[in-house]
Amino acid sequence: MIEINDAHKSFGATQVIPGLTLSIATGQTHILLGSSGCGKTTLLRMIAGLTSPDQGEVTIGNKLVSSLSKREISDMIGYVIQEGGLLPHLNGIDNVLLPVKIRGLDIAKATERLEAFAAAIDLTIPQLKRFPHEISGGQRQRVALLRGLILDQPIILLDEPLSALDPVVRMNLQRHLKSIFKK
Amino acid sequence: MKILAIFILLMSSAQAKTLKVGSKNFTESYILAEIVAQIAESVGEADVERRFGLGGTGITFQALTKGEIHLYPEYTGTISESILKDSSLKDYKRLNEKLANQNLTMSESLGFNNTYALAIKDSLLRELNLSKLSQLNTHNNIPAAFSHEFMKRGDGLVKLQRHYGFKLKDVKAMEHSLAYQALEDGKVDLVEVYSTDAKIEKYKLIILEDDLNFFPAYLSVLLANSNLKEEFPQTWQVLESRLVGKIDNKTMTKLNALVELDGLSFSQAARFFLEGKQIQKNLLPAWNWDRIILRTKEHLKLVILSLVMAIFIGLPLGIIASQNKFIGQFLLSLNGVIQTIPSLALLCLLIPFFGIGPKPAIIALFLYALLPIVRGTHAGLVSIDIKLKESAQLMGLSKFQRLRFVLLPLASPSIMSGIKTSAIINVGTATLAAFIGAGGLGQIIVTGLALNDQDMILQGAIPAGALALVVHAGFELLDKLFVPVALRRN
C-alpha cells in the first residue's frame, strides 16, 4: 500500500509536483500518463526514496519512506529506471543476478526464474551473456526489466519500460507484463 | 681449544662495530674515502661500510650529524663557509673548537689545497689577453658556466664579483662535470675548477690568477663525529699518521687523473696511493653486468616498496576524497604541494627523520607516487554516472558492496592509469635516491657523472629506461587482471 499525502516538489523555481495526494492499494497496476517533464519520474523517485518531497509525505505500508533504510526500500521495490541503468562492466546475467548475489540468496533458484522470464520476453541466454554495450537498446531495456523483477518484490516501478522497443516486441512485452502483474 | 678460538672469533666478528665512511659525489671525494676505508680495513678494528656518492655538502653533512656516517673527506673552506657559515674562521684550532660544539672533529690537513679557481682554455689566453681575475672587468661578456654550489655558496660567485667589482653577463648553472664538456664544445669559455682537477691538464686549461686574493684555502681534512676517536681510537690514530700531510697537490691531481683519465677504479687508485705500485689500467670490464644487475634489483626494491605503500594509502585517500568535496579538494591540493617539492630537497628534508639509505628514498618515492594514485582514484570515482550509483542503491547494495561491485570496477581504468603513472615516475625518480646512499641504478649514473664517463652513465641510464618500459608492459598485463573486460579501451 503506497500513500502519498500532499507531496510538493520543486527544482529551483520550477514546481514539478504541486501537492499530490494519491493512494495505491496492493495488487493494483497504475499507469502514469503525462507530457515530458511533468513529474512522472520525480514521483517514482520519491516513492523509491531517491528524492524526498519538499513538503508532505510518502509512506509504504504505513512507514515513512524517509525513515526506511536503502536496503529496506530495495527489499520492497523493484525499480527499472529510464534507459535501464545497467552496469557496463557486467554481462546481462551478472547484472540481473547482482541483487540476488549481494543478498546471499539462492543463485540456482534465481537463475531458473531468470531463464523463465527471459524466454517470456524473447531474450536468449547468449544475448544475456553479452555486455550491455554489445546488445541493442531494446534488449538492454528487457535485461533491466529482468533485473527489476528478479527479487519478486511487492512493488514494481517501471519508468518508460517500453520506450526503446520496436512495435512487435512492445506488444509482446505488454502482454508479458500483464501476465506477470496478474500473478 | 681450537673450537673455542673459532667461537671467540665468531663472537667478536658478530659484535664488531661498523665504521661507516661517507663521500660526496665527485672523484676526489670518492678516492679519499676509499683510501680511508682501505686503511680502516687494514687496521681491522671495525667492519667498514662504504656509503659513497652522497649528493653534495648538504646531504653528506646531514648524514654525518645524524650518525649515518662516521666521517668523510671535507675541505676547510667548505667547513667555514658552508657548514659553520663564518668565513673569519681560518686556522685549524679555531675551526675545531667550533666543530666541537656540534660534536664534530676534524683532522689536520692531509696536505693539499683544492681551492676554487676560474679557468679558461689556453687558446683564449692569447686571444683575449686574459690571465688575471681582475681583467674580467673588461671581459664581462665572456660566456661562463658554474656549478650550482659555486653560484650559491658564501665564497662563491656573488662575493667573487663583489670582491673584484665585475659582473659577468652570461652565466649558466651547470653540473660541474658537464661544464667541461660545454667548454670543450665551445659553448662556454669560463668555468670554475678545483685546483687538483685532473681535467685542467686534459682540457689544456689556464687558471686565472687570483690577483686580489679572494679564494680561501680549501685544505683537505677528514671531518668526523667526535665519538669516532673513542669508538675506534686505533683506526683514527692510523688514519692521522698515514694521511695528515701526506697527500700534496701533485699527488692528488695524479690520483684524480688515474681515475678520470686512465680509467682506474676508485679502489685501484686508493691502492696505488697506499701501496705505491703502478696498477694495470682498465681492469674494469666495459659493461659491468654484475653491478648492473645488483643496482637493478635495488632499484626495483625502491620502486616496488614505495609503490605498494602508495597504493595502500592512496586508494583509500582517493575514495575518501571522492566522498566529500571539501576533503577531496584538501587532499588533492596537499598532494599537489608535495609534488612541487624538488626531489633532492625532499630527500634532504627526510634525512633528519629517516637517516640516509633506502628508507628516506622509499618515503620520498612514496610521497611522489601518492598524487597520481589519489587523483586517478578520485577522478575515476567522481566521473561515474549518477544513474549507475542510483542503480546500485536501488539494488540494495551496502556501502561496501557498492564500492566492491560497482564503483571500484567502474573506476578501475582510471585507478590503474594513476598507478601506472606513479610506477613510471618512480622508476625515473628513484635514480636520484643514489644521492642519499640508497643505491639503485642512479648509483651508476652518479658515479659516471663524477667521472664524466659517458659509458658508465649509459650503463645506469639505459637499464633505467628499459625498466620503465618493462614496468609499463607489466601494467598492461595487470590491466587485464583488474580492469573488467568491457571497460578496457583496447
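Tutor: The questions below concern a predicted model and take up some of its helices, strands and chain contacts.

Student: Why are α20(B) and α22(B) called roughly antiparallel?

Tutor: Helices α20(B) and α22(B) pack at an angle of about 165°, with their axes 9 Å apart. Angles over 145 degrees count as roughly antiparallel, and the two helices are therefore roughly antiparallel to each other. Their crossing is right-handed, and the residues that make the contact include M416(B) and I424(B) of α20(B) and L467(B) and F475(B) of α22(B).

Student: What makes β7 and β9 of chain B the edge strands?

Tutor: Five strands of chain B form an open sheet in the order β7-β6-β8-β5-β9, with mixed pairing, and β7 (171–173) and β9 (205–207) each pair on one side only.

Student: How do you know that β5 and β8 of chain B count as a pair?

Tutor: Two strands pair if there are at least two bridges between them, and five bridges join β5(B) to β8(B), which run antiparallel; the two strands therefore meet that cut-off. Within this pair, I120(B) stands opposite L190(B) in β8(B).

Student: Which helix of chain B supplies the largest share of the side that touches chain A?

Tutor: That share, six residues, comes from α19(B), while α19 (386–394) and α20 (399–429) of chain B each supply at least two residues of that side. In this contact, 18 residues of chain B meet 18 residues of chain A, and the residues on the side of chain B divide into eleven nonpolar, five polar and two charged.

Notes:
Residues numbered from 1 in each chain as written. Chains lettered and ligands numbered in written order. Predicted model: local features only at pLDDT ≥ 70, side-chain atom pairs only at ≥ 80, totals over all residues. Contact = placed C-beta atoms within 7 Å. Helix = DSSP H or I, 4+ residues; strand = E, 2+ residues; numbered from the N terminus. Nonpolar A, V, L, I, M, F, W, Y, C, P; charged D, E, K, R; others polar. Axes fitted to C-alpha atoms, helices over the stretch in contact; angles between N-to-C directions. Parallel < 35°, antiparallel > 145°, perpendicular 65-115°, else oblique. Left-handed = near helix turned anticlockwise from the far one by under 90°.
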